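This report describes the nonpolar core and the salt bridges of one protein model. The sequence and the structure are shown first.

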Amino acid sequence: HNQKMNGVPYLNRLLTSVTLIYTNAMARIGAEQEVENLSGLSTSPEKDIFVVRDNGTTCLMAEFAARLMVPYDVSATNYVDLITEEAEIPLARGAEVRGKCGTTESELQISWLDKVYTLKLYFVKEGHNTTKRQEAVWKMNKIQFVYDSSERTYFKDAVNPGKHTANSHHLSALLTPAGKSYECQAQQTISLITSDHQRTVILLLSEVRIQPFDISADFIFSEEHKCPVDEREQLEETLPLILGLILGLMIVITICIYHIHHKLTANQVQLPRDRSQYKHMG
């Protein structure tokens with residue numbers, strides 16, 4: 001009887017400790033997953049803005065325009081054959097957002113139309129071997145898209161509608177040096193394969209500016225790392241200007257040389273070509 005009575009206070013203390021640990025853990029998780037959808041501040045109607053904050057400090061920022069091209073089957077006019085149609089699903093402006101930040105792993109989860117559609121983006125920071133040394137980089141290493149083809153806004157008369165999941169495979173996108181943000185205005189295409197390996201879903205990203213790690217100032221991106229397409233387009237835009245400046249400079253130099261030469265030759269004594277006139281000189 002004494003052993004039972006001694007066990008009750010111990011059990012109470014144990015339950016109190018477990019409750020405190022659970023409460024602290026829930027409070028910490030709540031602080032880590034504070035997410036804001038700032039798409040209303042975007043100057044582009046198609047571009048969304050998402051911010052994840054850890055204990056009041058920005059730890060992930062993402063701006064991009066996204067569309068998903070999803071193939072699905074509909075019945076042919078003979079009601080026997082099947083025809084493949086394609087649903088074009090834009091990322092809705094009022095999407096629900098969740099996110100997590102970590103030292104080496106971060107993620108962003110976006111859901112819309114009552115969670116019928118969910119897009120999950122995963123990021124990782126790791127060492128990257130170069131010719132000189134190992135450098136820290138981050139990249140987007142996984143994308144998952146969950147959708148329901150029974151939803152009628154984008155899927156019209158789908159045959160055998162239901163929930164589907166499409167995943168990226170061996171993804172290594174947006175490779176960026178650590179401490180920098182990734183920027184790419186050009187459209188990028190990423191393929192996702194459905195879990196039954198029957199369909200390929202295409203994710204179209206444009207107007208991208210993302211930084212999932214090492215944000216030094218609140219709500220402010222670090223120095224940008226431009227994608228190769230943007231760098232090439234920028235070069236194509238500036239190259240004619242550079243060539244025009246070089247050509248103009250060459251014309252100015254040529255004109256200057258001509259004037260200098262003309263002035264020098266004008267000041268020289270002109271010798272007569274007729275040798276008979278030499279006796280009259282002097």
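In what follows, a residue is buried when its relative accessible area is under 20%, exposed when this is over 50%, and partly exposed in between, with a 1.4 Å probe and protein chains only. The model is predicted, so local features need pLDDT of at least 70 and side-chain atom pairs count only at pLDDT 80 or more, while totals for chains, interfaces and linings use all residues. Residues are numbered from 1 along each chain as its sequence is written, and side-chain values use heavy atoms, with hydrogens and water left out.

**Nonpolar core**

A nonpolar core is a set of buried Ala, Val, Leu, Ile, Met, Phe, Trp, Tyr and Cys residues joined through side-chain atoms within 4.5 Å. The largest one here has 46 residues, and Phe64, Leu108, Trp112, Met140 and Phe145 have the most contacts inside it. Strand S3, residues 57-75, gives the most to this core, with nine residues. Strands are DSSP runs (E, at least two residues), numbered from the N terminus. In soluble globular proteins, nonpolar side chains tend to be buried together.

**Salt bridges**

A salt bridge is a side-chain nitrogen of Lys or Arg within 4 Å of a carboxyl oxygen of Asp or Glu. The whole structure holds 13 salt bridges. Three of them are listed below.

| Pair | N to O distance |
|---|---|
| Glu63 and Lys47 | 3.5 Å |
| Glu88 and Arg67 | 2.8 Å |
| Lys139 and Glu126 | 3.1 Å |

The side chains of Glu63 and Lys47 meet in a salt bridge. Because Glu63 lies in strand S3 and Lys47 in strand S2 (residues 47-54), this pair ties together parts that are 16 residues apart in sequence. Glu63 is buried, at 18% relative accessibility, and Lys47 is also buried, at 14%.

A second salt bridge joins the side chains of Glu88 and Arg67. It links distant parts of the chain, with Glu88 in strand S4 (residues 82-90) and Arg67 in strand S3, 21 residues apart. Glu88 is partly exposed, with a relative accessible area of 42%, and Arg67 is partly exposed at 27%.

The side chains of Lys139 and Glu126 also form a salt bridge. Here strand S8 (residues 134-148) holds Lys139 and strand S7 (residues 117-129) holds Glu126, so the pair links distant parts of the chain, 13 residues apart. Lys139 counts as buried at 14% relative accessibility, whereas Glu126 counts as partly exposed at 33%.

Salt bridges also link Glu34, Glu36, Arg53 and Asp218 in a network.

Technical notes:
Helix = DSSP H or I, 4+ residues; strand = E, 2+ residues; numbered from the N terminus.
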